[in-house]
Amino acid sequence: MEVSDDGCLSDVIQSINIPVEIRPVFFVNHKRCAFDKKLSDGDEIKIVSLIMGG
Amino acid sequence: MFGNTGKIIWADLSAGTAEHRTLPEQYYRNFIGGAGLAAKIFWEYGSFEAQPLAPESLLILMNGPFAGLKLSGCSRSAIAGRSPLTGHWGDSSCGGHFAPELRYSGFDGIVLQGKLEEPGIILIEDDEISVLPVREWWGMGVIETTALIGKKYGKKARSLVIGQAGENLVNYACIMNECHHAFGRAGYGAVMGSKNLKAIIVKSSAQRYFPADSDSLDSLRRELDAKITESVTSQVLHENGTAANLEGGVHIGDVPIKNFTSSFWEEMAEELTGSTLTEKYLTNKAACSFCKIACKRVVEIPEGPFSIPKGPGPEYETIAAFGSMLGSKDLAATCKAGRLCNDLGLDTITAGSTIAWAMEAFEKSALTVLETDGVELNWADMDTVIDVVLPQIAFRSSKLGELLSQGSLRAADMIGRGSSEWLTTAKGLEAPMHDPRGGGHGLALTYSISHRGACHTANPMLFMEMGACYYPEIGFEYELNPMSSEYKAESALLAVQIGAIENSSCFCQFADREIAIPEWVRLFNFAAGYDWTVEDMMSAGLRVFYLQRLLNYRFGIRASDDLVSKRLLDPSTDGAPEGVEIDFDCMKKRFYQLAKLDGTLGIPDRRTLENINLSSEANVVWQ
Ligand code: SF4
């Protein structure tokens, strides 16, 4: 996925439209990040759902 | 009385008698039912001197007011008493099918005291109660015993059964319902074993449940059941069970790895997660009575070293306790270890955690082959865990089995050599498979203040930190940052009240995530006729929380015991929580202020107790 030069995590989140009910948590390069995290070329983004803990 | 029947069974096993007794109606309104009512019964009638496994010790099983109601999540009950594992007050909750059947027979609970002369059972058929000898059942596993009960008393008979671990007084023996549902924690299977009681069987002839307002309750029940069934959470639990979130949990650092020494292991996440269990081994979904979520798993592993026939499968706690905690990513092995624990009657959390502690001790040479009769305890060696260690624990048949049958805290005391550094307990109870460092710092606080020790079901803190529930009517409408101590004391104070309400009404924590505070109040009023306001209900929750602390106070627990092991607080060395410190002291200090707990004694002052209708209790502790 391409993001603009000054793009941040929230741009990606908006573009893929994840339902809030699944309580997504975002990781950039294996670190949990806030929505305003700036992204750089080659960053690996992982989205994890915290739907429920048993 | 409504919802409740007002009647309990009081069994004096030494005398071989069981009689009906009634409890004052006020006990129900003040202490709700389940864990709360059990605490009150012990306060009034229990011995604080009796050791947990002595005949005089009381074992108290209580339903909540909703048992028997055909609503998802209502079919649980609580068992309580002095725990042989921790030595202080505790309780444990179990779903399945026993609670409604007991209610339909006309009883709210069973109090057991004394000891049978020879192994026996209690048989409840409506209001007929018999105590019968079953010498030939002693020594059988849970699966064989439950099958025998089905043959002898019919498929409709519901039972609570102990395995060999309970008979042999293993400190963390559990009590099983239908081989699938467990009163897992704190060792009440050993208490049953100490009373020579192999099983309690109940069979009712009709489904009798008499609520205060049937019509209103029925329409509320339909509304709630629809809400519970339609929620995304319930659907995920239905599809992939309670381990559905394991993979996500690994990424945030919630899932403990190798005795909490690591917080991240990517390959394991996919191997052990709920969807993998569904794809590889699931044959059916199962449920507690009347539950539409059906989070329980039925699995079959047809071949391989860990093959097992079709039957009950593991939930999240068991998968993590016999998977990541032991450094193993073998899902089949977790299924087999879970099945074996169910049959032997062992709590999977304490069993897995105690073995994990022993593996670390072995790795660091604090435990050697001299103490293990030559058994090597290596990470991920699941053959040894299943074929050697678990049976030896349940039968206490070797030096190693005897040592590990004590639970990790006492085992660490016994071997010394710095091994207490590797404990993962609070008040002697091994922590569940949620690591406060990644799962949420508030868990460290709620593990420490929980009356029974490290426990994630004593209250909904885990869910509150995860953003899985909000309670705007009582002031919890803000988002918590799991990785900080901010607002954790404030939210924990609400969590302990809600937890007491859940565990006293015996409602499943998965199902009741969807129930809003005003709906809780309506449920209590329509079912039990408690005539509560929101404030009354929350006060009842706080009253139960305080009473449980008072019980522990009388067992010698003080503020300084509200701690968690260092291992659960030391910053993680990898994964999402790497390097993050937990400000435990600050959370605890603030919680003590908010909950009005004495900083040394750990209990509320006299006036606080009197204000919440615990005056007679205050007179005992503040003489
Ligand atoms: S959600 Fe699962 S544990 Fe809870 S009542 Fe339903 S089947 Fe039982």
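A polar contact is a pair of N or O atoms within 3.5 Å; within protein, one atom must be able to donate a hydrogen and the other to accept it, and residues adjacent in sequence count only if both atoms are side-chain atoms. With that term in hand, let us turn to the model.

This is a predicted model, in which local features need pLDDT of at least 70 and side-chain atom pairs count only at pLDDT 80 or more, while totals for chains, interfaces and linings use all residues. Residues are numbered from 1 along each chain as its sequence is written, chains are lettered from A and ligands numbered from 1 in the order in which they are written, and side-chain values use heavy atoms, with hydrogens and water left out.

I begin with the interface. Across the interface of chain B and chain A, 1 residue pair is in polar contact, both residues being at pLDDT 80 or more. Helices here are DSSP runs (H or I, at least four residues), numbered from the N terminus.

Next, the charged pairs. A salt bridge is a side-chain nitrogen of Lys or Arg within 4 Å of a carboxyl oxygen of Asp or Glu. By this rule there are 30 salt bridges over all chains, and 1 salt bridge across the interface of chain B and chain A. Which residues form a salt bridge with closest N and O atoms 2.3 Å apart? They are Glu266(B) and Lys46(A).

Within chain B, the side chains of Arg221(B) and Asp218(B) meet in a salt bridge at 2.9 Å, N to O. Both residues lie in helix 7 (residues 214-230) of chain B, 3 residues apart, about one turn of the helix.

Definitions and conventions:
Helices (H or I, at least four residues) and strands (E, at least two) are DSSP runs, numbered from the N terminus.
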